[in-house]
Amino acid sequence: MVDSGGLWTPPEDELGEALQTAQVLIEEGRADEAGPYQQRVIELARERAEEHPNHYEAKHLMAATQYELAGSLNASGRHEDALVALHEAQLGYTELQDAGVLDATCFLADVRARRAMTQAHRGYGATAVLEMDGAVIAYGQLVGGPDGVKHQPDFARVLAMNALILRRYGDPALAVASADAATQLFLQLADQINESPQSLSYARYLCTATAVSADVHAAEGRLDLALEADEIGLTTADTLADSESATDMRTLVGALVRKGKHLGIVGRLEGEACLRTAYDTDAETATRVVEELDRGLPPTLVAALENAEAKLGTFEQYHRLLALSEPAPGMTLATVSGRTDPESAAVRATELAELVRPLLVQDGDTALTLGLEAHYLFAISSERESHRMRFETATYMPIWAQLLLDISAAYFQAGRTEMALDLAGWCAEVATALIPYADDDLQMKDLAGSCYHHHGNLLAATGDVAASHHAHEAAQQLQLGR
């Protein structure tokens, strides 16, 4: 729901009616139908803002509705358009913050979280993990601030989103930590949430959190915890299904499948009844959830390091890297950035990267797991502007660029084109940081050129001919020294 932040009161006119209709559709789980109403709100609010440049209420309404429009566009499968809407929302909130009329911290964190989900929908999992990491950190700081209580429900919401993305593209151990924290917080805040106009939305995120908890706990053999999460998720999903939303009904079917599968593992016959009900309700969704559960989870960081030691033999950095599975001082381990401080992140990333190339020919899954973890640590160290990444660029950036080149190519060879393209984009961005060193270092020039070429090749393979041309042109200009 659009949050005004106290800046405006919905007017009793066409704008107010369109806004109210869009919000009702979202609460009913019909976000894909809300887009036209949101577009009309934005048009009317823009007209008012253009007539009155200091009409901050209209500007805030535009930003808030662009944010909500992105959710509707995602529900309709229009993810590229959703990213454009989120960019507009970010610009709007930043303008309001710069004007001193709004503390936009939570709004910008929400934009980042929704952008993470949008990237995940596109299959750009590496970018999704890092975007959501930033959103969780921002909300964690808000919860620790003077108005922390009011931000707690949204902190739980963002933790649930974070868990879902990490389950797909990160360490399942981080995913379950985030999911369990979200579930616990939702349950603690149940009375407050039930009185909220956004109660249905929060309930949907609770179902997201319990699904991730159940998946990971079951995969790790903790069936008692999995069934506990199943029960919470199924009870919540059953209540949501009264909305008659197709989305909520699919959530109920997913909860039935999970509980049925997990009851079957422990030998309880009622599991068959859960599965039968799920298939009778929506066989397509039930089949999809079963396939997802049967695919299993990516390796945890700990499992990947153990596999690496088994394949490569003992390596000197093993115990230092294993320590990343425990939270850094003052951190809670539900995000990649909670593993270590920004300065150490670059060093640990380098140590992880050393393992990737030799593992790619022996154990691709382990190599890609460690490669992604190294990328995440490099990116976090860079975003936090660590001393190493700022002033020792020539040491760390080439390692990061080569890592991205290697794992992007491996994802492409494995048929995971979206992840390959995501990482290739990062590769080209890191290559840009190498250019100041390229004139005096032929090896650096060749690496940067290889990054641009690789990005261009993948863009061409996915049909983006114009962008591919620009990438190849950049590589050529670099090689020619222009």
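Mentor: Let's start with contact, which means heavy atoms within 4.5 Å. This is a predicted model, where local features need pLDDT of at least 70, side-chain atom pairs count only at pLDDT 80 or more, and totals for chains, interfaces and linings use all residues. Residues are numbered from 1 along each chain as its sequence is written, and side-chain values use heavy atoms, with hydrogens and water left out.

Trainee: Which residues does Leu 305 touch, not counting those up to four places away in sequence?

Mentor: They are Phe 315, Tyr 318, Leu 321, Leu 322, Leu 352, Leu 355 and Leu 370.

Trainee: What makes Cys 207 count as buried?

Mentor: Buried means under 20% relative accessible area (exposed is over 50%, partly exposed in between, with a 1.4 Å probe and protein chains only). Cys 207 has 7% relative accessibility, so Cys 207 counts as buried. Cys 106, at 14%, is buried too.

Trainee: Why are H5 and H6 called roughly antiparallel?

Mentor: Helices here are DSSP runs (H or I, at least four residues), numbered from the N terminus. Axes are lines fitted to C-alpha atoms over the stretch in contact, and angles run from 0 to 180 degrees between N-to-C directions. Helix H5 (residues 105-122) and helix H6 (residues 125-143) pack at about 155°, their axes 8 Å apart. Angles over 145 degrees count as roughly antiparallel (under 35 is roughly parallel, 65 to 115 roughly perpendicular, the rest oblique), so H5 and H6 are roughly antiparallel.

Notes:
Helix = DSSP H or I, 4+ residues; strand = E, 2+ residues; numbered from the N terminus.
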